[in-house]
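Hi everyone, thanks for coming. Let's look at the model together, going from one residue to the place where the chains meet.

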Amino acid sequence: MNVPASWYLVLAAVLFGIGAFGLLTRRSALIMFMCIELMLNAVNLTFVTFARTLSDIGGQATVFFVMVVAAAEVTVGLGIVVAVFRRRASTSVDELSELRG
Amino acid sequence: MVATSYAVPSIIVFVGAAIIILVGAIGVITFKNPVHCALSLIMTLFGVAIAFIAQQADFLAAVQIIVYAGAIVVLFLFVIMFLGVDRNEHVRVEPLVAQRPLAALGVVITLGGLIALMAESHWVTGVMSASTNGKALQSGQANVHQLGTAVFTTYLFAFEATAALLVIAVVGAVLLARRERTLQADEVEV
């Protein structure tokens, strides 16, 4: 018998926490995107675990769509990073303060 | 709940996948060089793919390797090398006061809430879902069949919408990353 679903759920929660901590503390926009990928993967793992537990293929289909949206998000996000880098020669999010009042 | 009722191979697979996932994730948030972070991210993605295979999501594990490790991380590495930002970030500098303790506190509260929620709730009813017609999830080729049937029937509209989303994202990325050539063209004409 496979390991209980709660083990995988706790693993996914810890992975989400690591990703959230990195997103809150790192300064480089590129690494912040990588942390977002970590959090998305944690959620994907949760979906697959619930799909297995409830025998529902809908969880796996949702993971499929999450992957597509993640790919689109990374594409646009890295496009923005490239466009910002062309102006500021930096990927640090602290230096983007033109809109400060 | 006796621990010995679970098969030893599944426990070994879980522990191995957990170690790979967590070591890779900690590497992503601790390495200073962005290239090393991207390589750690690949490690985590492989661990998640192992966890997918262990839970009868074979097609998604293949997509995970091909799309994430094969395309998204390569895109990250390409942008890192294109921008030349593989120099070290100042990790030690802390511009906001007490940002890291506050972030750690928020994460611990969130994690505690999630795990407490899991410990409290009873989500396993034993009833088979209607979307698989009461059949259990299958692995291997049957998994691809089940997932394909679901995506092309129940989730057809979402599938078409993601196609439109991808086209929009590609056009937007090209527009964002493009150099402004209009001024130069005017200058050449004048």
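Let's start with Met43(B), which is partly exposed, at a relative accessible area of 34%. Partly exposed sits between buried, under 20%, and exposed, over 50%, with a 1.4 Å probe and protein chains only.

A word on the ground rules. This is a predicted model, where local features need pLDDT of at least 70, side-chain atom pairs count only at pLDDT 80 or more, and totals for chains, interfaces and linings use all residues. Residues are numbered from 1 along each chain, chains are lettered from A and ligands numbered from 1 as written, and side-chain values use heavy atoms, leaving out hydrogens and water.

Now, the two chains. How many residues of chain B are in contact with chain A? There are 83, and they meet 69 residues of chain A; contact means heavy atoms within 4.5 Å. About 7000 Å² is buried between the chains, and carbon and sulfur atoms give 77% of that. Buried area is the accessible area (1.4 Å probe) that two parts lose on being put together, summed over both. On the chain B side, Phe14(B), Gln55(B) and Phe76(B) lose the most area to chain A, together 10% of what that side buries.

Finally, look at Phe52(B). Setting aside neighbours within four places in sequence, Phe52(B) is in contact with residues of both chains, including Leu45(A), Met67(A), Leu60(B) and Gln64(B).

And Met43(B) again: where does this residue lie? Met43(B) is in helix α2 of chain B, residues 34–54; helices here are DSSP runs (H or I, at least four residues), numbered from the N terminus.

Terms used:
Helices (H or I, at least four residues) and strands (E, at least two) are DSSP runs, numbered from the N terminus.
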